[in-house]
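Colleague: I would like to learn how to read a few features of a model. Please give the general idea, then the case at hand.

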Amino acid sequence: MILELADIRIHPGRQAAFEEAVRRGIDTVIRRATGFVDAAVHRGIESPERFVLQIRWQTLENHTVDFRGSDLFAEWRAIVGPFFAAPPSVEHFALAHASA
């Protein structure tokens, strides 16, 4: 399992519209992607124009090759891209430890 973390900065005052768009994008586009497991979106408290998107993929290639190389990626970016104040910073992580 791979965790994708995207640090997203949006244009000021667009939080509610972005939250609706990202929810719609996950529900209608990302869910259809090969290897998608689940997703969560967190809104910044100190920085309300900052969001962290977490998506779990079965493999790194499910995100970097299968999704990014598909038409789904263009659909996703058409929904959420207009809100970006700057390109998102995206990194991938492997689980080192979990605790319940």
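Modeller: Start with accessibility: a residue is called buried under 20% relative accessible area, exposed over 50%, and partly exposed in between. Keep in mind that this is a predicted model.

Colleague: Is His97 buried or exposed?

Modeller: His97 counts as exposed because its relative accessibility is 65%. His97 sits in the segment that follows strand S4 (89–94). Between the C-alpha atoms of His97 and Asp27 there are 29 Å, with the two residues 70 apart along the chain.

Colleague: What is Ile30 in contact with, leaving aside its neighbours within four places in sequence?

Modeller: Ile30 touches Gly25, Phe36, Ile55, Trp57, Phe67 and Trp76.

Colleague: How many salt bridges does a search of the whole structure find?

Modeller: Side chains of opposite charge can pair when their charged atoms come close. The search finds 7 salt bridges. One of them joins the side chains of Asp7 and Arg50, at 2.7 Å from N to O. Asp7 belongs to strand S1 and Arg50 to strand S3, 43 residues apart, and the pair links distant parts of the chain.

Colleague: Are the two partners buried, exposed or partly exposed?

Modeller: Asp7 counts as buried because its relative accessibility is 19%, and the cut-off for buried is under 20%. Arg50, at 32%, counts as partly exposed.

Colleague: Which residue forms a salt bridge with Arg24?

Modeller: Glu20 does, and the closest N and O atoms are 3.1 Å apart. Arg24 and Glu20 are 4 residues apart in helix H1, so about one helical turn separates them. Arg24 is partly exposed at 37%, and Glu20 is partly exposed at 36%.

Colleague: What does the salt bridge between Glu75 and Arg32 tie together?

Modeller: In that pair the closest N and O atoms are 3.5 Å apart. Glu75 lies in helix H3 and Arg32 in the loop between H1 and strand S2 (36–43), so the bridge ties together parts 43 residues apart in sequence. Glu75 is partly exposed, with 34% relative accessible area.

Methods: Residues are numbered from 1 along each chain as its sequence is written. This is a predicted model: local features need pLDDT of at least 70, side-chain atom pairs count only at pLDDT 80 or more; totals for chains, interfaces and linings use all residues. Side-chain values use heavy atoms; hydrogens and water are left out. Helices (H or I, at least four residues) and strands (E, at least two) are DSSP runs, numbered from the N terminus. Buried means under 20% relative accessible area, exposed over 50%, partly exposed in between (1.4 Å probe, protein chains only). Contact means heavy atoms within 4.5 Å. A salt bridge is a side-chain nitrogen of Lys or Arg within 4 Å of a carboxyl oxygen of Asp or Glu.
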